[in-house]
Amino acid sequence: MNRLLLAAYPEPYRSRQGKELLACLSEAYPGRSWPPPREVVAVVRAGVRARARAVVDDTGRPWWLDGIHLAALVLAALALVPYLQDVWHWALHTDPGRHAIAFDFSGWYPWAEGPGTRTRLLPYGLLPLVCLIALLRGRPWIALPAAAAMIYAGATFDSGTFFGDEGKAGLGYYGLGAPITARDLVLSGTLCAACAVLAACRPGPLRRHSYRWLVPVVLAMVVAGSLHIISISPAFQRGLFALEVAALIAAWVATAATGDYRWLIPVAAFAFIRTQTIVVQPNGFMRSLPDLVVLLLLIAPLPALAIAAQRRQSRALLG
């Protein structure tokens with residue numbers, strides 16, 4: 001199990017010092033397959049710092065372009081979250097029946113027709129999924145039309161059934177704020193703008209991430225599809241709340257370790273999308289936490305990251 005901790009480190013570090021790190025953990029905690037939680041946090045934090053330094057040391061692209069790329073990835077994942085169950089059922093040709101995600105009637109698949117159902121060709125969730133995969137592989141010219149199709153589908157949700165309309169008009173993903181559905185065009189519009197910048201302004205090849213980064217997405221689809229967990233369930237909300245907070249902490253750790261501002265861009269994009277949904281849909285806020293607490297969780301990371309980067313740069317100049 002200790003080998004799982006090595007995934008936090010970049011590949012060059014694993015090749016050079018991976019065996020040494022495993023030996024140290026085995027010697028420090030003999031007979032244990034997993035170190036204590038405090039040690040796990042320390043190892044993961046060191047791995048995040050090592051990855052952040054490796055990213056900054058790669059000068060093949062400007063920092064702001066990398067930041068926009070990260071922001072596009074975050075927004076594509078955010079748009080995909082409500083439709084994990086839907087895409088999984090579609091991929092396996094499964095009739096979700098009464099477990100259909102946010103649909104007033106079951107089916108909506110050509111192979112799941114029944115009394116009172118209407119069919120659609122594709123699930124809307126395929127669009128952010130295609131966008132996410134293309135961005136992971138550094139191909140924004142593929143992600144751009146998918147993001148544009150998201151805007152079109154959201155703008156015409158009440159006049160067509162190609163992707164269906166109930167999933168786009170119904171319940172969406174809450175996380176750290178109010179629900180985001182496909183008809184909320186701020187998310188898809190911001191994602192499309194980011195993809196357009198990446199496609200038009202890239203002075204060199206974008207960073208390509210391994211397909212291994214899709215493993216958590218597939219696991220999330222399996223869990224959501226097999227257990228019929230939708231985005232409004234308490235378990236789903238608690239898990240995503242913890243994931244979003246962990247991502248914000250990771251961005252702070254990376255910024256504090258390198259003094260680089262690129263991680264401020266995806267955090268700012270995330271905060272912008274989240275805040276506007278709370279402002280536009282105050283009655284849709286899921287009151288598991290007070291409004292002020294959620295707004296502070298969204299806004300506070302922005303100055304925190306900027307201050308951390310400035311302090312790191314000041315220490316580097318003094319050193």
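**Helix packing and the nonpolar core**

Modeller: The model is a predicted one. Two packed helices are described by the angle between their axes and by the distance between those axes. Here α4 and α6 pack at an angle of about 155 degrees, their axes being 8 Å apart. Because angles over 145 degrees count as roughly antiparallel, α4 is roughly antiparallel to α6.

Colleague: Is the crossing of α4 and α6 left-handed or right-handed?

Modeller: The crossing of these two helices is left-handed.

Colleague: Which residues make the contact?

Modeller: From α4 come His69, Ala72, Leu73, Ala76, Ala77, Ala79 and Leu80, while α6 contributes Pro128, Leu129, Cys131, Leu132, Leu135 and Leu136. Twelve residues of this contact are nonpolar, one is polar and none is charged.

Colleague: Which residues of the largest nonpolar core touch the most other members?

Modeller: Cys131, Leu135 and Leu191 do so, in a core of 44 residues. At least two residues of this core are supplied by each of α4 (63-80), α5 (84-91), α6 (126-136), α7 (140-155), α9 (185-201), α10 (215-227), α12 (264-280) and α13 (291-299). The largest share, nine residues, comes from α4.

Colleague: What does Cys131 touch, leaving aside residues up to four places away in sequence?

Modeller: Cys131 touches Ala76, Ala143, Ala146, Ala147, Leu191 and Cys195.

Methods: Residues numbered from 1 in each chain as written. Predicted model: local features only at pLDDT ≥ 70, side-chain atom pairs only at ≥ 80, totals over all residues. Heavy atoms only, no water. Core = buried A, V, L, I, M, F, W, Y, C linked by side-chain atoms within 4.5 Å. Buried < 20%, exposed > 50% of the residue type's maximum accessible area, 1.4 Å probe, protein only. Helix = DSSP H or I, 4+ residues; strand = E, 2+ residues; numbered from the N terminus. Contact = heavy atoms within 4.5 Å. Axes fitted to C-alpha atoms, helices over the stretch in contact; angles between N-to-C directions. Parallel < 35°, antiparallel > 145°, perpendicular 65-115°, else oblique. Left-handed = near helix turned anticlockwise from the far one by under 90°. Nonpolar A, V, L, I, M, F, W, Y, C, P; charged D, E, K, R; others polar.
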